[in-house]
Amino acid sequence: MQMEDNNLNIKMVDVCKYFPGVKALDNVNFELRKGEVHALLGENGAGKSTLCKIIAGAQPMTSGEYYLFGEKVTGLTPHAAKEKGISMIYQEFNLVPYLKVYENLFLGKELIKGLNLNKKEMIAKTIEVFDRFQIKIDPEARICDLSNAYKQLVEIAKAVLENAQVLCMDEPTAPLSNREVEILFSLIRSLKAEGVSIIYISHRMEEIFEVADRITVMRDGKYIKTMDADKTDRKELISLIVGRDLTEEYPKRDSVPGEEILRVEHLSTDLTKIRDVSFTLRRGEILGFAGLVGAGRTEVMRALFGADRKTAGDIYLYGKKVTIHKPENAIEQRISLIPEDRKGQGVSLTLNIRENISLVKLKGKEICSLLGINRKKERSVADEYIKALNIKAPSMEQLTRNLSGGNQQKVAIAKWLAVDADILILDEPTRGIDVGAKYEIYLLMNELIKAGKSIIMISSEMPELIGMSDRIVVMQQGKIVGEISGDEVSQEKILEMASCG
Amino acid sequence: MKKKFSFSNIFVYVILIVVVAFFSFSAPDSFLTSNNIFNMLRQVSMIGICSVGMTMVLLTAGIDISVGSVIALVGVVSALLIANTGMPVALAMIIGVLVGTGCGTISGVMVAKFQVPALIATLAMQTIARGFAFILTKGIPVYGLPEDIKVIGQGYMAGIPIPVIIMALVFLLGWWLLEKTRFGRYVYAIGGNEEVARLSGIDVKKGLLKVYALSGFFAGLAGVIMLSRINSGQPNTSEGFEMDVITGAVLGGVSVAGGEGKILNVIAGVLIMGVLSNGMTLLNLDTYWQWVVKGAVLLFAVAFDNMQRARSARIAAEAAGAEA
């Protein structure tokens, strides 16, 4: 099998990667030709990033064969991969912000003349590389003064200086504006002309058709299909990406949303992360928020909840305008936010289960008096929600740090259920938790709806969004691009709206 | 998962017993006498009082290194009021405690409102308070104070030294605040994860402000006791005192990273500091060597704390991995 094709930079045969309980990659085959831009497509969790990590030596594969420039490699380390010419370009830049451009390019491999740094030569070489790719950046500018696009160019130039033959780019355009994307693309084309191969991960279809030569689709850790970019179209790609039907079970509910209770008008935030966002929520409704990573869904909810500063926009509750400057205000208005990052924002890992569950509720008079916290009432509240949510732990005194992800998520939900809010915002409520726990959370959502509460749910899992929501709002690049409900709802439609540029 | 018995919770008491045993053998005639024990407790009382405020500050992942200077300023202000204006001792001391609280409040505003790192804010307060102590006295100690000034620092009540009683009451107050009240819970929540606390509707800034104000208040209390014990307003007293306070709290298992620590263990940590000072003096170890020993104890305590945390994080990661 090997060596039949000198044009292949990378060939991966039947690669598997198991994490405890999860098959992240299941017999994946992948080929990367010299000088091609090869797009990897798939939903979140399809295995694209895992594949890239294996290619770059950041993670070992469980089984399979990996040929790099025709040679079989085993036990690749990130360092060895770099030596062989493989570079990962990460979204969060690996640059030192207060150093200059050329200093970053030569970081760790500075050119020396006698005892001193050879600044002249480093700058000359920097200019040489930049000229080759027609990049216009002052080598002596500090990284922190550059825009994201230029930071990325510097990062790529750094890889080129290290003689990279293969570049993996994971969502490289996510932080870029449209004009900046053009700059990146022209660099990609120059690299291609020099014979560098690029693995390009992106959700944005137009971009892929613009830069990619070939496209490989992955789904649920499996290899689906590889095609030439000019022999396929958007429609085929979407159906390949989505693939499965809505086979997962979502509990039914037969309630009908009631009157409008929340109206958000023209919401915007700093740095135009979100612009002019307006939507409404009705009593007893689950409103889904769809969009790609970085579309601004989380930012909308944080602004609504008072966690981030708003620059414009009004919020109306039951027709009355309300002011929400900080989370305390939102809580007073009976709004809850259960954030996506549960360890960083949802639960306090140094507190135990009981303390986490009562944390928001302490504000009221129910378990707290002048004499202090009523431990007995606090315990009974904690106990109630541990039972209601089926939180598995030996006792309520267990530190949250020692719980599994699913149980931590339940604690994060419990602390907000305990305050009995009218509007619950759930940001990726089922991310990273197993199927059984997911189903329990769906049931719980339905129960809340039955009790007359309203829910806003952000989710990147399309089937879940479609299965649970009454209405779905689609966001893209900080703006709402549409709203769908009823029979119009389909994964294809949402993907189309979320990714069209 | 098992967590019925935690070694680290009683560890500090084990160390206390070991240290006491050591000095009982090394200085059999002088160490374990009731006289010496009361003496030791009286010496440690100011550390104990300040350790309660320090524990709260450390729990929020902050630090207060200004307490020694605040003690000096408080003593000087009270002494001057008594000596120059003939103000009643009690009133002058109350004003002194308020001055301490004010110093803490200013540090708190800097940390909470202007987000000055705690180390810098209280370092500045350390210098400012010490500066004022010297400015107000022109560098000359304030003598000639009336007899009744000695009561609070040198007096007895029911055979127990008054400063020891105050320390016990302050520990009780600290325990109640941290274990039983909403304020205490918020202190733990802020130190554990400030963003979680904020998103839970907790006013983080107010919490931080209160904690530093309390630290200043307790330093004020310690300041008037110091004034009473040395019977004069000394602008250069209690230099490096915060070192003993921080060491006591950290020995008691308070994490310098915030969020973890119990006041009950801090009591043992403070007592270890007292026993060490007292015992080393009985053994005629000179002051400079005592500094070396105390510094080494602080390093040991923090290193041990870090190792413990790394271990429990590893265990938790394994447990979570096994369940995933």
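Predicted model: local features only at pLDDT ≥ 70, side-chain atom pairs only at ≥ 80, totals over all residues.
1. Length of helix H5(B). Helix H5 of chain B comprises 20 residues, 118–137.

2. Buried side of H5(B). The buried residues of this helix are B:Ala118, B:Ala121, B:Thr122, B:Met125, B:Gln126, B:Ala129, B:Arg130, B:Ala133 and B:Thr137. Because they cover an arc of only 160 degrees around the axis, they lie on the same side of H5(B). Their packing partners are helix H3 (67–85) and helix H4 (89–112), both of chain B.

3. Opposite face and end of H5(B). On the face turned away from the buried side, H5(B) carries the exposed residues B:Thr127 and B:Ile135. The helix is followed by B:Lys138, which has a positive phi, near 55 degrees.

4. Pairing of S1(A) with S4(A). In chain A, strand S1 (residues 8–19) and strand S4 (residues 63–68) pair in the antiparallel sense, and five bridges join them. Within this pairing, A:Lys11 stands opposite A:Tyr67 of S4(A).

5. Pairing of S4(A) with S5(A). Strand S4(A) also pairs with strand S5 (residues 71–72) of chain A, again in the antiparallel sense, over two bridges. Here A:Leu68 has A:Glu71 in S5(A) as its bridge partner.

6. Turn between S4(A) and S5(A). These two strands form a hairpin with two residues between them. In the turn, A:Phe69 has a positive phi of about 50 degrees.

Technical notes. Residues numbered from 1 in each chain as written. Chains lettered and ligands numbered in written order. Helix = DSSP H or I, 4+ residues; strand = E, 2+ residues; numbered from the N terminus. Expected span 1.5 Å × (residues − 1). Buried ≥ 20, exposed ≤ 12 C-beta atoms within 10 Å, placed from the backbone. Arc of directions from axis to C-beta. Contact = placed C-beta atoms within 7 Å. Pairing = 2+ DSSP bridges.
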